[in-house]
Amino acid sequence: MTIGNVYPKERSKGKSKRVLEENAPLLPSSQVGSETLNEFNGASFSGAVFNLSTTIVGAGIMSLPATMKVLGLVPGIAMIVLFAFLTEASIELLIRFSRIGKSIAYGDVMGDSFGKAGRMLLQICVVINNVGVMVVYMIIIGDVLSGTSSSGVHHSGVLEGWFGDHWWNGRFFVLLVTTVLIFAPLASFKRVDSLRYTSALSVALAVVFVVITAGIAVLKLLVGSILMPKLFPDIPNLASIWNLFTAVPVLVTAFICHYNVHSIDNELEDSSQIKPIVRTSLTLCSTVYVATSFFGYLLFGESTLHDVLANFDANLGIPYSAVLSDVVRVSYAAHLMLVFPIIFHALRLNLDGLLFSTARPLYTDNLRFTVTSVALLSLIFLAANFIPSIWDAFQFTGATAAVSIGYIFPAVITLRDPHGIGTLRDKLLSVLMIMLAVLSNGVAIYSDASSLFNSTTA
């Protein structure tokens, strides 16, 4: 549900109104030509599913096996399914309030309930979340391709392992080439549906990771070299109960995609398709999440790291282990490269809405579009190179913003209920979502603060 990424068009069904970009004046001084209007019509069902699925499946997928290590398989998988249902419910609430309030973007819904301040708060959260996400993506791409050093130990990147240590496969140069040759061209598209093929490839690469991991795990299980992991968590003391809650932030943020739903919806010829598109995307992503969690934890057991990709640095104990490890790491890096432009699309339009709220639509101003894109890409590139330890900052800011976008804001809109359409079930569900969001944020901030304090005093 990108703030501002909405394009002029007429709907055949659903919202029968002329859709304008949110940062355009309510009464524009000039009309956009019919050719431009038609340019953004007719996004396909499959393209919309792939774009929304790509928004959902990002770097967080690699943390899901670690949640199984904490929760056990049965509660862990149950929690994935629960948050998939909560995400569908929160998006359904947003769509319903969008329709009744004739809102064309997430920010419109917030503005309808809380005025200009609500709209700006949402835009700020999207900017914070998406900048943090893309910096982390770029850091991981650098780690995978060029290697990284931690606590005096160097982990070789794929390119370093293949060709040795050279200036051209160092982090700075690799990320520069990636930004110029991959991110910049993909970020130049003004329409979300233009990314449908790269999104489909991105989802396919995530499936490649799942298939390889599943194959290795099943093979090792058949030969008896791994044991079935625990089904339920071990709770020997009160501290272990508290540890269970540390998995909540990962699960809460795993399905955040709300900032792109309106962008996708506004490009559909038939807006009634958005609900089945959301359900299809969530079903697809939930399947990938459950498979990744199960087979990742099955393969590495209690040795599963917070980022399961790091487990593939070691010998897997099967033939062609090094080749399979490289395939997994390269496919994951390529997956993140193709997720990047979808997240960037939302970031650019929300930032433009904050800075130029009364200007003409961004997609009609090539100069502003180009300058904004170049500035944001440069900022993210520099941050990824010079702020390598971004994880703590990302969890303090990005995770908080993400759960606000996904759960808190839809819930408070429902509780505010400016049009009187919320049911008792809607409001009870909203209270539950707020409680889960606050809990996840509190746990994330507390755990990060504790680890930071402990490392400082050690």
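Two residues are in contact when heavy atoms of one lie within 4.5 Å of heavy atoms of the other. Among contacts in this chain between residues at least 6 apart in sequence, 82% join residues at least 24 apart. The model is predicted, so local features need pLDDT of at least 70 and side-chain atom pairs count only at pLDDT 80 or more, while totals for chains, interfaces and linings use all residues. Residues are numbered from 1 along each chain as its sequence is written, and side-chain values use heavy atoms, with hydrogens and water left out.

The chain holds 16 helices and two strands. These elements are DSSP runs numbered from the N terminus, a helix being H or I with at least four residues and a strand being E with at least two. Of the 458 residues in the chain, 53% are buried. Buried means under 20% relative accessible area, exposed means over 50%, and partly exposed is in between, with a 1.4 Å probe and protein chains only.

Seven of its eight residues are buried, so H3 is largely enclosed by the rest of the structure. The buried residues are Leu64, Pro65, Ala66, Thr67, Met68, Val70 and Leu71. Just after H3 comes Gly72, with a positive phi of about 90°.

Next come two helix pairs. The axes of helix H2 (residues 45-56) and helix H11 (residues 258-266) come within 9 Å and cross at roughly 165°. Such axes are lines fitted to C-alpha atoms, for helices over the stretch in contact, and the angles run from 0 to 180 degrees between N-to-C directions. H2 and H11 are therefore roughly antiparallel to each other. Angles under 35 degrees count as roughly parallel, over 145 as roughly antiparallel, 65 to 115 as roughly perpendicular and the rest as oblique. The crossing of H2 and H11 is right-handed; a crossing is right-handed if the near helix is turned clockwise from the far one by less than a right angle, and left-handed if anticlockwise. Where they meet, H2 supplies Ala48, Asn51, Leu52 and Thr55, and H11 supplies Tyr259, Asn260, Val261 and Ile264.

The second pair is H13 and H14, whose axes come within 10 Å and cross at roughly 120°. H13 and H14 are therefore oblique to each other, and their crossing is right-handed. Among the residues that meet are Phe340, Phe344 and Leu347 in H13, and Phe369, Thr372 and Leu376 in H14.

Aromatic rings give another way to follow the fold. A pair of aromatic rings is described by the distance of the centres and the angle of the planes. Rings of Phe, Tyr and Trp (its six-membered ring) pair if their centres lie within 6.5 Å; planes under 30 degrees apart count as stacked, over 60 as edge-to-face and the rest as tilted. A search of the whole structure finds seven aromatic pairs. One of them joins Phe172 and Phe381 edge-to-face, at 5.2 Å centre to centre and 65° between the planes. Phe172 lies in helix H7 (residues 171-187) and Phe381 in helix H14 (residues 366-386), so this pair ties together parts that are 209 residues apart in sequence. Phe172 is partly exposed, with a relative accessible area of 42%, whereas Phe381 is buried at 9%.

The rings of Phe183 and Phe340 have centres 3.9 Å apart and planes at 15°, so this pair is stacked. Phe183 lies in helix H7 and Phe340 in helix H13 (residues 321-355), so the pair ties together parts that are 157 residues apart in sequence. Phe183 is buried, with a relative accessible area of 0%, and Phe340 is buried with a value of 0%. Ring pairs also link Phe183, Phe340 and Phe344 into a cluster.

Some loop residues remain. Tyr320, in the loop between helix H12 (274-300) and H13, has a positive phi of about 60° although it is not a glycine. Tyr320 counts as exposed, at 68% relative accessibility. Asp417 is found in the loop between H15 and H16 and has a positive phi near 45°, again in a residue other than glycine. Asp417 is buried, with a relative accessible area of 11%. Gly422 is found in the loop between helix H15 (391-416) and helix H16 (424-457). Leaving aside its neighbours within four places in sequence, Gly422 is in contact with Asp417 and Lys427.
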